[in-house]
Amino acid sequence: MAATLPVVAEDDAIAVLREATPFGEASPVVLSRIAALARPARYAAGERIYTAGDAADDIFIVASGRADHVFEPEVGAREPLKRVTRGGVFGWAGLLLGQTRRLATVTAVEPTEVLRIDTEALVALLESQPQEGGQVMARFAAMIRREFAVPELLAQVRRLSGPLTEEMSSLSLTMYRLSLWLKSPRPYLMLIGFALFLGIWYLAVEVWKLPRFREMPGLTTVVKEWFSPSPTYGLSLYTEEYYKHIVVSVWRVTQAFFLATVLGVTFGLLLGWSQRFREYVFPVFEMLRPIPILAWVPLAIVMFIATESAVIYLAFLASFYATALNTMLGVQSIDESYIRAASCLGASQKQVFRHVILPGALPFIFTGLQISIGVSWFSLVAAEMVSGQYGLGYVINTSYVMVRYPTIIIGMATLGLVGYTTSALVRLAGDYLMEWRVRELALAER
Amino acid sequence: MDMRPPPPATQTQGHLLIDDVVKVYDPEGAAVLAVDHCTLEIEPGEICMIVGPSGCGKTTLLNAVAGFHDITSGRILMDGEVLCSTDRPRSTPGPDRIVVFQNGALFPWKSNLENVIFGPVMQGKLGRREALDKGRAMMGDAGLSGVEHNYPGEVSSGMRRRVEIVRALMNDPKVLLLDEPYRALDSLTKSVMHEALLEIYYKNRVTIFFITHDLEEAIFLGHRVAIMTTRPCKPKKILTVDIPHPRDYSVLTSKRFRELIEETNDAVHEEALKAFQAGEKEG
Amino acid sequence: MSGQLAKFATNRAFWRGVIAVAVFLVLWEIGARSKQWMTPEFFAPFKALLGAMGFKKDYLPWIGAVPAPSAVLKAWIAVLGQAGYWQSWYMSFFRVMGGFFAAMLIGIPFGLALAVSRVAHGIGFPTFEVLRPIPPLAWVPASIIFWPTQELAITFITFLGAFYTIVINVLGGARSIDVRYFQAAQSMGSSRWDIFRRIILPGTLPSIMVGSAVGMGITWEVVVAAEMISGGGSQQAGTGGGLGFFIWNSYVGGSYEQIVVGMISIGIAGFASSELLRWAGRYATPWLRVR
């Protein structure tokens, strides 16, 4: 089984590697580093290269000759027998999740020359090249699945550690999804949808001048006004005022949202965690909650001397309810057995809270925060319309009073955009904090 | 697999005595008798299988040992030390008796390795670095290298169960309490898991208290199999499995295995029928 | 019924709730009366501190400006006899129901269409998602311009409030129906219409009910603000403009007790209508009650 003759020269090794599916796209630098790891070996016809159940140490790449690769029946490969020739790769079991043994028996059919690469050395090399390493691993996975017809469940390759790989793979995943999306009819239907909406608006108001629609600001009027350097009604992308209103609204929501998050999460955790606290406090909470936030407007003006505080208070209150309630539900949703397991493993109450309750409630907390940022905008707009100076709600209301109709639509559209952006930011923060959940969902989707 | 013959019970730790335990749920209201004067002794290093239909009350017994539920009367001792008794109805959960749960309780928000080192780190027994080293080594021994940095949600359910058992063994428990851990697995995965469990067992020889409703699983794994009556739960018949350890899957086709199944099948079936007629739900 | 009451009486959680609510009311009363008990010289340094922090000196910050519960109760009893108060209830209820049923009528078929047809989803959903982040109240001025009467304008705003929630819930509900039900139905030879009527419709019913209950809450939320912003939509000033206008009018008229009366009234109205819907939902989906 040992190598005796100088079988494969180094240049040749690179050529062989390039023919192998996993390394086909690798850069010359990486290829030569992989080639440096490769040890040539030669097997006589009929010689057993390895047997299923052996330790899975080396990966083999065939340089010449032929070998029969026979899977163990447990593997469940669709075709148990595969014949590998030049460029064929086998002995990859060590790359699979949790696999340390050979899954197949390989026998040389003719005199066969191979390159042997130590699996761990290869993985270490790939880890040092996060970008390309990830691609090589991905190609390994694809090859194992397609060329060897191994069931998907088994054919899961190890994950390279290191943060960069993660970003790369998520980026390439995003690109992949994007290309899939572009190939589907969805983007085109979406364009049709937008065209219909805008078209009807345009035609109804400006061309057909339908009754009632006639009074509304038309599409072209609004767009012209919005993008005009010298707007008729004083507000466009080019005026400083426009940004001032946005900043004021965003700043108000930010304050309210952060205050509500800090207080709401704390309060919700307490509600969920301590039965006594919940029994005492929750009834009062539930008693106040049915009062619509917007019904608080006049009282808030009375309570807070400064209108600014009143406006923020209203936005805060809405957020607070949503966050507190969802946090409480999150704590209650945690499976009892996680808490039991933690106490079994010797965790103290404080540790259970820190390591089980908090992360376990996080998905619900973030659902709450998503709702919270939405309702925060919802109440802010109302509050700004009723009282307060500056802000997008104020723009919409004063534009109505001052009969600057196109500006109303500009205000609404801006509000939609800004509101959407803030929700997206909250969602991103959630995904960042709950990587485990993102991955679980991604797996479920596949 | 470890091919050495099984050492005769060399374990000195992990003796479990369940002595005349009674559990009544809701004593003032509906008063459901779940466990009725149950007595069971488990030797150190023994695999004792508890077999009974779903909802027969065997999990109640396990919860009492683990310290999740009170007992109404009787007592439970481990290595001569009283865990709980009529006067102190609930034992304190601790790392000497670790439960592997029915649906798995690996924390989904921690990577497999983080899960494995959870016990020693929480107890302050090991520093984080030492724990990581030990955890990696133990995962490697259990054939789990490569999934350390994956989250539990990313690996197969069979692998998750193995990680969970490694997490338990990291604490050098005296007793492992397994509550139908392989219930949700398909029969092929199950068979792999059984051999893996035995392999781990031959290395550690920890006392195993294993709850199941699968008679074949019980006879394949256990030194003894206790068949429980359905609500109230108490041993109906205790079978000593005289197939020598270490066992592997060839045992399943052996004559003795079949004989043992035949011997006990009626008893189990009878209880299952009773449970079915009583309309008990899963539990 | 009496059995249930007896159970309540011995329930620890119930009594804790009662205690908590009582404590809350007492604290509110004390806080609200701070104007009266903070007169002695004893409080002078404290008042100075309040002033330095930018609050009003004469009473506790925030809570001191709120009318006391006893005063609120008195004001409430006073308005109970006024026709205008009940007229406000009626007006708000009328608008809420109008907007809400319009939202059901349009939202449910729209949501179902999005769920059933891929083309409808492709065309309709993105536009829907683009419009959704605009809070319903931002539509108030546009709505007043568009609709011939204020009444219709307010109803339209309440419609918008409930519409988004209902559509999202219907869509989510229809999408989450287990595929096996479809397969089972197909294998039993059901037509497309049968599948729609016997699987999608009942399968979506729970989420329709949930969405409606939530939507009802939002409707009340919106109607109040719409009434405040648009000035009640009634020709007779002061009366009959709905509960939102009742609150606003009390504010303008300086009777702060009535503001709180209005808030509580809306709270009751919103809570009652949501509960009514939940109850109807349980009635309409008996198969969910078993567990």
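Predicted model: local features only at pLDDT ≥ 70, side-chain atom pairs only at ≥ 80, totals over all residues.
**View 1. Domains of chain A.** The domain assignment divides chain A into domain 1, residues 10-158, and domain 2, residues 221-445. Taken over C-alpha atoms, the centres of domain 1 of chain A and domain 2 of chain A are separated by 52 Å.

**View 2. Domains of chain B and the contact between them.** In the domain assignment of chain B, domain 1 is made up of two segments, 1-96 and 174-283, and domain 2 covers 107-172. The centres of these domains of chain B, taken over C-alpha atoms, lie 25 Å apart. Contact between them involves 13 residues of domain 1 of chain B and eleven residues of domain 2 of chain B. On the domain 1 side, helix H6 (residues 187-204) of chain B gives the largest share, with seven residues. That side of domain 1 of chain B, where it touches domain 2 of chain B, has eleven nonpolar residues, two polar residues and no charged ones.

**View 3. Domains of chain C.** For chain C, the domain assignment gives domain 1 as residues 1-66 and domain 2 as residues 68-288. The separation between the centres of domain 1 of chain C and domain 2 of chain C is 34 Å, taken over C-alpha atoms.

**View 4. Contact of chain A with chain B.** Here 24 residues of chain A are in contact with 31 residues of chain B. On the side of chain A, the elements that give two or more residues are helix H12 (336-344), helix H13 (349-386) and helix H16 (435-445) of chain A. H12(A) supplies six residues, the largest share of the side of chain A that touches chain B. By residue class, this side of chain A divides into eleven nonpolar, eight polar and five charged.

**View 5. Contact of chain C with chain A.** Two pairs of chains are in contact, and chains A and C share the most contacts. In this pair, 46 residues of chain C are in contact with 48 residues of chain A. Two or more residues on the side of chain C come from each of helix H2 (12-32), helix H7 (118-131), helix H8 (140-146), H11, H12 and helix H13 (256-284) of chain C. The largest share, nine residues, belongs to H13(C). The side of chain C that touches chain A consists of 36 nonpolar, seven polar and three charged residues. Chain B and chain C, by contrast, do not touch, and their nearest C-alpha atoms are 12 Å apart.

**View 6. Packing of two helices in chain C.** Helix H6 (residues 83-116) of chain C packs with helix H12 (residues 243-253) of chain C at an angle of about 135 degrees, and their axes are 7 Å apart. H6(C) and H12(C) are therefore oblique to each other. From H6(C), Tyr85(C), Ser88(C), Trp89(C) and Ser92(C) meet Leu243(C), Gly244(C), Phe245(C) and Phe246(C) of H12(C). The residues of this contact between H6(C) and H12(C) are five nonpolar and three polar, with no charged residue.

**View 7. The kinked helix H11 of chain C.** Helix H11 (residues 192-230) of chain C has 39 residues, and its end C-alpha atoms are only 47 Å apart. A straight helix would reach 57 Å at 1.5 Å a residue. At Leu205(C), shortly before the proline Pro206(C), H11(C) has a kink of about 40 degrees.

Conventions. Residues numbered from 1 in each chain as written. Chains lettered and ligands numbered in written order. Domains from an automatic or database assignment. Contact = placed C-beta atoms within 7 Å. Helix = DSSP H or I, 4+ residues; strand = E, 2+ residues; numbered from the N terminus. Nonpolar A, V, L, I, M, F, W, Y, C, P; charged D, E, K, R; others polar. Axes fitted to C-alpha atoms, helices over the stretch in contact; angles between N-to-C directions. Parallel < 35°, antiparallel > 145°, perpendicular 65-115°, else oblique. Expected span 1.5 Å × (residues − 1). Bend = angle between axes of the 7 residues up to and from the residue.
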